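Reader: Hi! Could you walk me through this one? I'd like to start with a single residue and then look at the strands.

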Amino acid sequence: MNFILLPYVILAIMILLLVVVLKRNELIVKAESVRYRKTLCLNDEQDFHRIHAECYKFTSQCHSKKSFDKLNLDDYMMYIIENNERNISNIIKKVEDNNKKYNLYCSNLKEIKSVVTPKQLQEYKMTGRGFKRIEDKVCANVKIQPRLKIHIFLSAKYVSPKGKNIYEKHREYNYEKVKALYYNVKKEIETKETFEEQKRKERNKMTDSLRYDILKRDNYRCQICGVTAKEGAKLHVDHIKPIAKGGKTQPDNLQTLCDRCNLGKSDKF
């Protein structure tokens, strides 16, 4: 029985010795490699942004089969970006910054060369190829790997009232798509904000003096039904072309309307 086990015992001892030798060689390389030490020093100089997750998941729980069928995941994605604009903007900036820093980091790593003399190899009892192989491994193990991309995973789900039917649809957006959609949404938001600012400026142009001039010009009479203030009508100065549709606060775009006609006109043009 002992003779049967002997080959396995010898093999186990040889494997153990090999592991010990490899571990010894790795410790020597870590202690003596100029490239390894310079890599660690370069790592200490880095300030990559910490991005908590690579994949961000959003799920819409639909309350009816009709709403599930109607839900467009691309529209849902735009909604997610618009309502998380600040967070997504922050993440994109961090990813972009990490990519720039990582390119420089990799360039600096390439400039760090392996330096070992034949005398040192003899002292370490290692070959140049063996030393280089272990050096490559230990340097690769400590190479910083920051997050350079993120993606967003969307899903929609509907479960029938009795739970018999389950409907799901999914879509994944890679970093390039997320970034493109974000800038589209950002442009829409900026355009909307600019338009809202323009509307505020136009409304502010409606001074008491201008209002009086328009009422006087129109003889204090509604320009639609003809009723006057003397007949008990409450008169307003209305934009013929509404501000919301690009109308300006200037005399040729202003008219006197009674409250009833003004309400009926609304924002029609």
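Author: Happy to! Asparagine 253 lies in the loop between β4 (235–239) and β5 (254–258); strands here are DSSP runs of E, at least two residues, numbered from the N terminus. This is a predicted model, where local features need pLDDT of at least 70 and side-chain atom pairs count only at pLDDT 80 or more, while totals for chains, interfaces and linings use all residues. Residues are numbered from 1 along each chain as its sequence is written, and side-chain values use heavy atoms, with hydrogens and water left out.

Reader: Is asparagine 253 buried or exposed?

Author: Asparagine 253 is buried, at a relative accessible area of 9%; buried means under 20%, with a 1.4 Å probe and protein chains only.

Reader: And what does asparagine 253 touch?

Author: Leaving out residues up to four places away in sequence, asparagine 253 touches Asp238, His239, Ile240, Lys241, Gly247 and Lys248; contact means heavy atoms within 4.5 Å.

Reader: Switching topic: what order do the strands of the open sheet take?

Author: The order is β1-β2-β3, with mixed pairing; two strands pair if DSSP finds at least two bridges between them. β1 (55–61) and β3 are at the edges with a single partner strand each, so one side of each has no neighbour in the sheet.

Reader: In which sense do β1 and β2 pair?

Author: Parallel, over 7 bridges. Threonine 59 has serine 155 in β2 as its bridge partner.

Reader: What about β2 and β3?

Author: β2 (residues 151–159) and β3 (residues 166–173) pair in the antiparallel sense over 8 bridges, and alanine 156 stands opposite lysine 169 in β3.

Technical notes:
Helix = DSSP H or I, 4+ residues; strand = E, 2+ residues; numbered from the N terminus. Buried < 20%, exposed > 50% of the residue type's maximum accessible area, 1.4 Å probe, protein only.
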